[in-house]
Amino acid sequence: MKLPAKYPSLNATKLSPDAMRTLVRIVRVAFPHPGFPDGPYERTAKKIADEASGSTWFRIELTQGLATISAAADGRRFTELSDDEALKILRSIEETVFFGFIRRTTVLNLYDDPEVWEALGYEGSSFEHGGYINRGFNDLDWLPDPRVEEAEEPLPERGALPYPLAAKTQPDATNGKARTASAGRKADESVVQAAAAAGPDELSGVGPSSGNARQEA
């Protein structure tokens, strides 16, 4: 793709040092962390430039966007603006493809930087080190101490519930099983009663009354 000669900067394959400084400033203003050193922001800006170099479209968007940022600074360098002034400019372009590309690439790379992990107290992957249990898993010093003592104030008395509790009912399937089991027990009792009334079996002599029958014999 060949662009008009009046925009030679759009054909550049690498960003100028001034453009890179502007890009670093954009990332820092968009993702402000006072405790982060410059290194992660600079590496993230380089990653954005590298990603854009692989696509003519994104390279043009990035170059044009940086030129727009510089023009919006009213004759000053974007890197010289205060945080509030710089943020106001970024707010005005936050819906553009240019800023969306920067935001997406920053989210995927800034917080994957080991120097950022160190600043946040994250020790990185634990699998290759045998987990965290022997590596200070509870050594975070930026969380408040947990409250382990019991509260001194008494618990309020709520009293009875202001509504009646509904009786617990079982599903129809369960009731059906219960009725079947009850019917089975009644049938077994009927068989036993009938056997007792009939006396011992004639062939085996075994039955509820077999003992009495032998005594009578």
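How many Å should the 16 residues of helix 2 (residues 38-53) span, and how far apart are its end C-alpha atoms? Counting 1.5 Å a residue, helix 2 should span 22 Å, and its end C-alpha atoms lie 23 Å apart, which agrees; the expected span is 1.5 Å times one less than the number of residues. This is a predicted model, in which local features need pLDDT of at least 70 and side-chain atom pairs count only at pLDDT 80 or more, while totals for chains, interfaces and linings use all residues. Residues are numbered from 1 along each chain as its sequence is written, and side-chain values use heavy atoms, with hydrogens and water left out.

The chain holds eight helices and zero strands, where helices (H or I, at least four residues) and strands (E, at least two) are DSSP runs numbered from the N terminus. Read from the N terminus, the order of elements is α-α-α-α-α-α-α-α. Of the 217 residues of the chain, 23% are buried, buried meaning under 20% relative accessible area, exposed over 50%, and partly exposed in between, with a 1.4 Å probe and protein chains only. Among contacts (heavy atoms within 4.5 Å) between residues at least 6 apart in sequence, 59% join residues at least 24 apart.

Helix 2 has as its buried residues Gly39, Pro40, Tyr41, Thr44, Ala45, Ile48, Ala49 and Ala52. The elements that cover these buried residues include helix 1 (17-30), helix 3 (56-71), helix 5 (97-109) and helix 6 (114-120).

Helix 5 also packs against helix 3, their axes coming within 8 Å and crossing at roughly 105°; axes are lines fitted to C-alpha atoms, for helices over the stretch in contact, and angles run from 0 to 180 degrees between N-to-C directions. Helix 3 and helix 5 are therefore roughly perpendicular to each other, on a scale where angles under 35 degrees count as roughly parallel, over 145 as roughly antiparallel, 65 to 115 as roughly perpendicular and the rest as oblique. In this contact, Trp57, Phe58, Glu61, Leu62, Gly65, Leu66 and Ile69 of helix 3 meet Val97, Phe98, Phe101, Ile102 and Arg104 of helix 5. By class, the contact has nine nonpolar, one polar and two charged residues, with Ala, Val, Leu, Ile, Met, Phe, Trp, Tyr, Cys and Pro counted as nonpolar, Asp, Glu, Lys and Arg as charged, and the others, Gly among them, as polar.

Helix 1 and helix 5 pack with their axes 11 Å apart at an angle of about 70°, and they are therefore roughly perpendicular to each other. Here Leu23, Ile26, Val27 and Ala30 of helix 1 meet Phe98, Phe99, Ile102 and Thr106 of helix 5, a contact with seven nonpolar, one polar and no charged residues.

The whole structure contains 10 salt bridges, each a side-chain nitrogen of Lys or Arg within 4 Å of a carboxyl oxygen of Asp or Glu. One of them joins Asp18 and Arg77 at 3.5 Å, N to O. Asp18 lies in helix 1 and Arg77 in the loop between helix 3 and helix 4 (83-92), so the pair ties together parts that are 59 residues apart in sequence. Asp18, Arg21 and Arg77 are linked in a network of salt bridges. Asp18 is partly exposed at 35% relative accessible area, and Arg77 is partly exposed at 47%.

Another salt bridge pairs Asp38 with Arg28, the closest N and O atoms being 2.8 Å apart. Because Asp38 lies in helix 2 and Arg28 in helix 1, this pair ties together parts that are 10 residues apart in sequence.
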